[in-house]
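Here is a short report on how two chains meet and what lies inside them. Look over the sequence and the model first.

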Amino acid sequence: MHETDMTKALILTVKDWWETQPDRPQISQVYLTVGQFTCVEPVSLQFAFEVQTRNTFLAGAELVIQETPLIAFCHQCQQDYRPEIGIQYACPDCRSPMEDIRSGRELKIERIAYATEEASISQ
Amino acid sequence: MHQTFDAALGINLLHANQAGADHNRAHFDQWGITCLNLMSSPGAGKTALLEKTLAALNQEIKIAVIEGDMTTELDADRLRQYNVPVIAINTGRSCHLDSKMVAGGMHRLAHDYDPTEFDLVLVENVGNLVCPAEFEVGEHAKVALLSVTEGEDKPLKYPVMFQEADCLLITKTDLAPYVDVDLEQIVANVRQMNPDCVIIPVSAKTGEGLATWFAWLRSYLEQTKAVDRPLSTVH
């Protein structure tokens with residue numbers, strides 16, 4: 001199951017960031033953008049994330065996934081179109097190949113939400 | 001008291017892998033090596049193609065192989081007969097090579113040999129049409145293989161692999177008459193998402209198309225050598 005490896009890669013990337021933080025904050029959410037034209041299945045990613053983060057610095061953190069559709073731009077027709085994954089990738093109007101992908105290849109960690117211990121303000 | 005913060009990262013999920021791939025490529029560049037990543041489903045004929053390639057070009061081009069296999073060294077042993085360094089990487093349960101595994105292989109090559117002696121490193125990825133497409137290992141180009149027995153629809157079903165490929169070898173063409181496959185349809189399906197990829201039908205068994213593949217390899221090596229490689233400092 002390749003989402004296990006994707007998750008491993010994701011955790012490593014988040015860890016790189018976390019280790020640069022002086023106070024090693026508790027991460028509550030990790031926000032991802034996952035394009036439909038990638039090799040990642042969001043449901044499997046959620047599952048793998050839950051399992052692999054147990055007893056780690058990411059324990060209890062929620063993975064929030066925003067999916068983006070596959071959108072390509074046809075230079076011939078000068079317009080966007082939505083290729084049908086698994087069926088048809090060329091432009092439906094002029095049959096030009098899908099060359100310019102405008103959306104759908106994202107595999108991005110958008111942001112991380114975290115809580116930090118703050119000293120109470122003295123009166 | 002607890003306060004919630006937000007850090008905008010905007011970095012690729014595979015950032016750590018990508019950084020490793022860039023590191024590997026910088027090493028290859030420094031040593032004057034061109035690296036190709038061979039990918040296909042299991043049994044498409046990557047090892048057979050490598051055997052023919054090593055047998056034909058070993059005198060002319062200095063080649064090393066980094067061989068990814070889930071649990072065995074069977075493929076590596078097949079290739080060692082051709083007297084080239086074959087570094088086997090057992091990926092365990094992982095279904096693809098990542099840049100860290102290839103870094104291990106690359107450093108072993110540099111430890112056991114003088115890496116500047118090599119022109120070409122061929123990385124044979126784990127048989128899988130899905131994940132290897134997303135995990136760069138430090139290659140200069142991606143070579144995908146699709147055997148005629150897999151059917152015309154595979155490029156449509158596994159589009160990322162075929163969209164990323166710089167060169168596609170349609171393998172086992174000797175079997176085409178027996179499996180009712182339409183080669184033109186395979187090409188048309190690939191062209192829907194990758195108009196620039198070089199497509200070469202080959203048969204390791206009859207030798208059909210191998211001369212064209214070797215010619216592509218030679219010209220690709222010339223092309224990458226001609227490019228001014230960055231003299232980056234790598235560790």
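## Where the chains meet

A:Arg105 and B:Glu134 form a salt bridge, with their closest N and O atoms 3.2 Å apart. A salt bridge here is a side-chain nitrogen of Lys or Arg within 4 Å of a carboxyl oxygen of Asp or Glu. This is a predicted model: local features need pLDDT of at least 70, side-chain atom pairs count only at pLDDT 80 or more, and totals for chains, interfaces and linings use all residues. Residues are numbered from 1 along each chain as its sequence is written, and side-chain values use heavy atoms, leaving out hydrogens and water.

The table sums up the contact between the two chains (contact: heavy atoms within 4.5 Å).

| Item | Value |
|---|---|
| Residues from chain B | 33 residues |
| Residues from chain A | 35 residues |
| Salt bridges between chain B and chain A | three salt bridges |

Chain B and chain A bury about 3,200 Å² between them. That is accessible area (1.4 Å probe) lost on being put together, summed over both parts. Carbon and sulfur atoms carry 61% of it.

## Inside the protein

The largest nonpolar core has 59 residues. Such a core is a set of buried Ala, Val, Leu, Ile, Met, Phe, Trp, Tyr and Cys residues joined through side-chain atoms within 4.5 Å. Buried means under 20% relative accessible area (1.4 Å probe, protein chains only). Among the residues with the most contacts inside this core are A:Leu10, A:Leu32 and B:Leu168. A second, separate core of 31 residues includes B:Leu54 and B:Val202.

A:Leu32 touches residues of both chains, including A:Leu10, A:Ile65 and B:Leu13, not counting residues up to four places away in sequence.

Terms used
Chains lettered and ligands numbered in written order. Buried < 20%, exposed > 50% of the residue type's maximum accessible area, 1.4 Å probe, protein only. Buried area = accessible area lost by both parts, 1.4 Å probe.
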